[in-house]
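Here is a friendly walk through one protein chain, written to be read with the model open beside you. Shall we take a look?

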Amino acid sequence: MEGVLVAYLGVVIAVLALSTGIKEDEGVGLRHILIAAFGWPLLAPVLAWRAWAAR
């Protein structure tokens with residue numbers, strides 16, 4: 001369980017670090033960045049399933 005938590009926090013930190021390169025004029029707000037950072041474990045399997053089903 002600790003490994004899962006470390007992996008989750010690692011990806012959250014990576015997404016937040018990468019988001020510092022997003023310019024303000026691109027229209028991506030803090031809400032979108034936080035949803036992407038903390039919601040990826042829920043969205044990633046859904047997107048993978050949809051991509052697999054569309055094959």
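## Leucine 34 and its neighbours

Leaving out residues within four places in sequence, leucine 34 is in contact with Leu16 and Gly39, where contact means heavy atoms within 4.5 Å. Leucine 34 sits in helix 2; helices here are DSSP runs (H or I, at least four residues; strands are E, at least two), numbered from the N terminus. Because its relative accessibility is 36%, leucine 34 counts as partly exposed. On this scale buried means under 20% relative accessible area, exposed means over 50%, and partly exposed lies in between (1.4 Å probe, protein chains only). Further along the chain, the C-alpha atom of alanine 48, 14 residues away from leucine 34, is separated from that of leucine 34 by 21 Å.

## How to read the values

Please keep in mind that this is a predicted model, in which local features need pLDDT of at least 70, side-chain atom pairs count only at pLDDT 80 or more, and totals for chains, interfaces and linings use all residues. Residues are numbered from 1 along each chain as its sequence is written, and side-chain values use heavy atoms, with hydrogens and water left out.

## A nonpolar patch on the surface

Leu16, Leu30, Leu34 and Phe38 together make a nonpolar surface patch with about 360 Å² of accessible area. Patch residues have over 30% relative accessible area and no salt bridge; like charges are joined within 9 Å, and nonpolar side chains (Val, Leu, Ile, Met, Phe, Trp, Tyr) within 5 Å. A salt bridge is a side-chain nitrogen of Lys or Arg within 4 Å of a carboxyl oxygen of Asp or Glu. The areas come from the Shrake-Rupley method with a 1.4 Å probe, and for residues only the protein chains shown count as cover.

Helix 2 (residues 30-53) gives the largest share of the patch, three residues. Leucine 16 belongs to helix 1 (residues 2-18), and counts as partly exposed because its relative accessibility is 30%.

## Where the helices pack

Which residues of helix 2 are buried? Ile33, Ala37 and Gly39 are, and the buried residues of helix 2 pack against helix 1. Isoleucine 33 counts as buried because its relative accessibility is 13%. Beyond four places in sequence, isoleucine 33 touches Val15, Leu16, Ser19, Ile22 and Val28.

Over in helix 1 we find valine 12, which counts as buried because its relative accessibility is 4%. Not counting residues up to four places away in sequence, valine 12 touches Ala37, Phe38 and Trp40. Valine 12 and phenylalanine 38 are 26 residues apart in sequence, yet 6.2 Å apart from C-alpha to C-alpha.

## The loop and the bend

Serine 19 lies in the loop between helix 1 and helix 2, and counts as buried because its relative accessibility is 13%. A polar atom of the serine 19 side chain is 2.6 Å from the backbone oxygen of leucine 16.

Helix 2 bends by about 75 degrees at tryptophan 40, and proline 41 follows within four residues. The bend is the angle between axes fitted to the seven residues ending at a residue and the seven starting there.

How values were computed
A polar contact is a pair of N or O atoms within 3.5 Å; within protein, one must be able to donate a hydrogen and the other to accept it, and residues adjacent in sequence count only if both atoms are side-chain atoms.
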